[in-house]
Amino acid sequence: STIEFVRDFVGHNTGVTCLAKVDGKGRFLSASKDRSLKVWDAFGFKLSGCTCDDDESNQKILLATFDNMDRRALTCIVMTQVGQYVRPTDQVDLAMIAAIGRKTVMEGSGSVSRAAREKRIIGCSCEFAAISGKHKVVKIWSMKHVDRNPLEECNLVDITMEQELSHDMAIESIASSPGNEMLLTGDRMGDVRLWCCGKNVFLPSSSRQWTCQRVFSWRSKFDLMS
C-alpha cells in the first residue's frame, strides 16, 4: 500500500497542539497554540453557485473556527460522543434518514430540498472533551449543525460548553470510550478518575451529565489525608 498526499489544511496562525477524528466521513478537529479550535471536512463538498476553476476553491473544507477557547492552548481533545454528519451528497443510510426526519419536522417539508440545492449540511452533532495546560478541569463541549449557507463566510457548526469535570490537581491526560459513555482523566499527582455519562430518561430534552464513578490512586490513605 502507498500513502498519497491529498491536501494542506491551512488556517492556524501557529503550531497545532492536537487533532481529533470526529467521524468516519472525514470530519476532524484541530487545536493550536493560538488558542483556536477548527472544524474541518477532509473530503469537502462542492459548493453550488461557485464558478472557480480550482476544484479546491469550489469546496468547503473549513467548516468553523472558534477563537479563544481557553486561557491556554488546548493540549488534548477526545470524542465522548461519536459524531453524526450528513451531507446532501452522502449515500442514504440510517443517519441520513434520521437527519431528514428531524429537519422536516422542525422546518417543514421543503427544508431538505433547499439544503440539497444549496449543498448545505443536513445535520451534524457530536460531543468532545478538551483540556488545556495546567488546568484542573476537563471541559465537555457539544457541537451541532447550524443551517447557514456555506457560500457565506460563517461557521456551519456551533459549539456549547456543557459541563466542567474537576480534579484536585492539574489534569495532564484524558481518554474516552464513546460507545460505552466512559471518560478517564489523569492528573499530575497520579490520580485517575473514571467518569460515566447518563441522561434523565424521563426528560428526553435534558442534557447529558457526567459523574465520577471511581478514583484510582497510587497514594496511601495517609498521603491523601495529609
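A polar contact here is a pair of N or O atoms within 3.5 Å; within protein, one must be able to donate a hydrogen and the other to accept it, and residues adjacent in sequence count only if both atoms are side-chain atoms. What you're looking at is a predicted model, where local features need pLDDT of at least 70 and side-chain atom pairs count only at pLDDT 80 or more, while totals for chains, interfaces and linings use all residues. Residues are numbered from 1 along each chain as its sequence is written, and side-chain values use heavy atoms, with hydrogens and water left out.

**Stop one: Ser132**

Select Ser132, in strand β6. Strands (E, at least two residues), like helices (H or I, at least four), are DSSP runs, numbered from the N terminus. Which side chains does the side chain of Ser132 make a polar contact with? One is that of Asp70, at 3.1 Å, and another is that of His135, at 3.2 Å. Ser132 counts as buried because its relative accessibility is 1%; buried means under 20% relative accessible area, exposed over 50%, and partly exposed in between (1.4 Å probe, protein chains only). Now show its contacts, meaning heavy atoms within 4.5 Å. Leaving aside neighbours within four places in sequence, Ser132 is in contact with Asp70, Arg72, Ala73, Leu74 and Thr75.

**Stop two: Ser142**

Next, pick Ser142 in strand β7, residues 137-145. Is Ser142 buried or exposed? Its relative accessibility is 9%, so Ser142 counts as buried. Its side chain has a 2.6 Å polar contact with the side chain of Glu162. Not counting residues up to four places away in sequence, Ser142 also touches Cys126, Glu127, Asp158, Ile159 and Thr160, along with Glu162.

**Stop three: salt bridges**

A salt bridge is a side-chain nitrogen of Lys or Arg within 4 Å of a carboxyl oxygen of Asp or Glu, and the structure holds 5 of them. Select Glu127 and Arg208: their side chains meet in one, at 2.9 Å from N to O. Glu127 lies in strand β6 and Arg208 in the loop between β11 (192-198) and β12 (209-216), so the pair ties together parts 81 residues apart in sequence.

Glu181 sits in the loop between β9 and β10 (182-187), 27 residues from Arg208. Glu181 is partly exposed, with a relative accessible area of 25%, whereas Arg208 is buried at 15%. Through shared partners, salt bridges join Glu127, Glu181 and Arg208 into one network.

Then try Asp168 and Arg193, whose closest N and O atoms are 3.4 Å apart in a salt bridge. This pair links the loop between β8 and β9 (171-177) to strand β11, 25 residues apart. Asp168 is exposed at 53% relative accessible area, while Arg193 is buried at 14%.

**Last stop: the nonpolar cores**

A nonpolar core is a set of buried Ala, Val, Leu, Ile, Met, Phe, Trp, Tyr and Cys residues joined through side-chain atoms within 4.5 Å. Select Leu29, Leu37, Val39, Phe66, Ile77, Phe128 and Ile159: of the 22 residues in the largest core, these touch the most other members. Apart from it lies another core of 12 residues, among them Val138, Leu165, Leu183 and Trp195. Finish by zooming in on Phe66, whose contacts beyond four places in sequence include Arg35, Leu37, Val39, Val157 and Ile159.
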